[in-house]
Amino acid sequence: MNRTTLSLIAGASALAAVTGFAALTTPDTSGTDTAKAAAELPVERTSLVCPAPSDSDLAETTYTSFTPVTKGTGSDGKAELRSAAQESGAGAGGKDGKGEKAGEAGDKAGKGSKADKPVLAAKEPGAPVTEEASGADSPPLVGTADGKFAPGWTVQETTEVSVGAGRGLQGVNCTAPDTEFWFPGASTAADRTDYVHLTNPDGSAAVVDIELYGKDGALETTVGEGITVQPRSGEPILLSTLTSEKQDNMTVHVSVRSGRVGASVQALDDKLGGDWLAASADPAGSLVMPGIPKDAKAVRLVAFTPGDSDADLKVRLASPSGAITPAGHETLHVKAGMTSAVDLGDVMRGEAGSLVLTPTERSVPVVAALRVVRGEGAKQETGFIPASRAVGTRATVVDNRTKGTTLSVAAPFGSAEVKVTASAGSGGGGTASSKTYTIKSGTTRDVEVPVPSGLKGTYALTVESVSGGPVYAARMLAVAAGGVPGFTVQTLPDDRGMVAVPEADEDLSVLQE
């Protein structure tokens, strides 16, 4: 018998630190877990992708990058966003969904660009940096952070559009590339123009399938299968080119056959402005959609269950005073494979809140999102709030401004204590300031943000769980223009900046006969 000893612990620890995988454990032959208490280590590398912000010549976009200060990191590293190489061929149906070949669009975006110069580069953890872009030629961006910049790296693009479809404020967090995304709340209605933006950060092509589900189930799609996203490029796919059916509310499922992509839905309305619809949290029996604006005029819940079983859900609103049931909407029945929508109307009545879905009996995984409308008459705008992961250890949102920033924190399943830190300004001035808050069980609270004095530019907000049950958070950024209450809402899911790596007494071994 030959013994081949594999020294795996160091390699496994390094892999976990780079990828952010969950804790690794090594059971013995009896099934007993022999790993010691896991050590928390900062991740060493993070990737993000940002979709092309707008096809409007009047668009004004701000990119903001920030990494919170994390103990245990080294002194080196960098965080850079660069223009995705626009070298892809045609996507679905040979077009990018906007009547222009993807390669041609890329050539336009790439004119005059310098491949060796990043669009945005971080300076130091704890200090946000910004960059601005104008017009319709801003390309998708791909970025990587390593070393001291990797743990909790957060990037947002915020776009103001003065007129036209989708006018108002549009914001989206740049996302980590993945292989599956769910978007309840998309539409192919006559007054909506929705695109699913696919961005491939890698050096090889990705192959993607897009499935659409309406109120009666799966929709027949013409070119939704086998969409090729060329290396380091982006593809905006107009949803109405994938199906002839007009659906007010539908769910988009993006799955990747090979490679990985970032995915976001841009929902543009002819009358109600528009915003980005970020992916819902993974299918789960209970979901939370935090941070509904207290002045919302209309709230619509859209839910979908991807399994073979129907879901029956309790609908609750975590308000400042406690959990309440929206009148006439105590429960929601979601049929398997079908998109369900319910209009909750003016449910907020001047108070902050978060919508909480829990199973009535048997737990069935679902995804969900809210469409929120603010404003009056012809001066209304739309935003979206997808179901979110909990804040967990830590979460960050950027591009906060001294006016128009509202941070909502919810503790739907038990009282909790959180710490909120406001960073120094992107334009200098001020030093980071923190404050601790208690959130009572079943409530949502709009907290008073500890903005540093003397701050210039925008700032980052970092929320950390201190004790108690899970908390969920969202930030609304409001910028009024021409009487239209432009706004966008971003949730704050755990940044997964730390990874648990188990300790062991000895190397793992493999016995080879």
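**Packing and a cavity**

Reply: We can start with contacts. Leaving out residues up to four places away in sequence, Val372 touches Ile292, Pro293, Ala296, Ala298, Glu381, Thr382, Gly383, Ile385 and Phe487. Keep in mind that this is a predicted model.

Me: Which strand is Val372 found in?

Reply: Val372 belongs to strand β27, which covers residues 367-376.

Me: Does Val372 count as buried or exposed?

Reply: Buried means under 20% relative accessible area. Val372 is at 1% relative accessibility, so it counts as buried.

Me: How far apart are the C-alpha atoms of Val372 and Asp295?

Reply: They are separated by 9.9 Å, while along the chain Val372 and Asp295 are 77 residues apart.

Me: Now the void. How is empty space found?

Reply: A probe the size of a water molecule is rolled over the atoms, and this shows where empty space is left. Here the structure has one cavity of 30 Å³ or more. The largest cavity holds about 30 Å³ of space.

Me: Which residues line the largest cavity?

Reply: Its lining is made up of Val49, Cys50, Pro51, Thr175, His197, Thr199, Gly262, Ala263 and Ser264. Two or more of the lining residues come from each of β3 (45-50), β12 (192-200) and β18 (262-269). The largest share, three residues, is from β18.

Definitions and conventions. Residues are numbered from 1 along each chain as its sequence is written. This is a predicted model: local features need pLDDT of at least 70, side-chain atom pairs count only at pLDDT 80 or more; totals for chains, interfaces and linings use all residues. Side-chain values use heavy atoms; hydrogens and water are left out. Helices (H or I, at least four residues) and strands (E, at least two) are DSSP runs, numbered from the N terminus. Buried means under 20% relative accessible area, exposed over 50%, partly exposed in between (1.4 Å probe, protein chains only). Contact means heavy atoms within 4.5 Å. On a 1 Å grid over the protein atoms alone, a cavity is a set of points where a 1.4 Å probe fits but cannot get out, and a pocket is an open set with protein on both sides within 12 Å along at least five of seven lines; lining residues have an atom within 4 Å of a point. Grid points are joined across faces, edges and corners, and a volume is the space filled by probe spheres set on the points.
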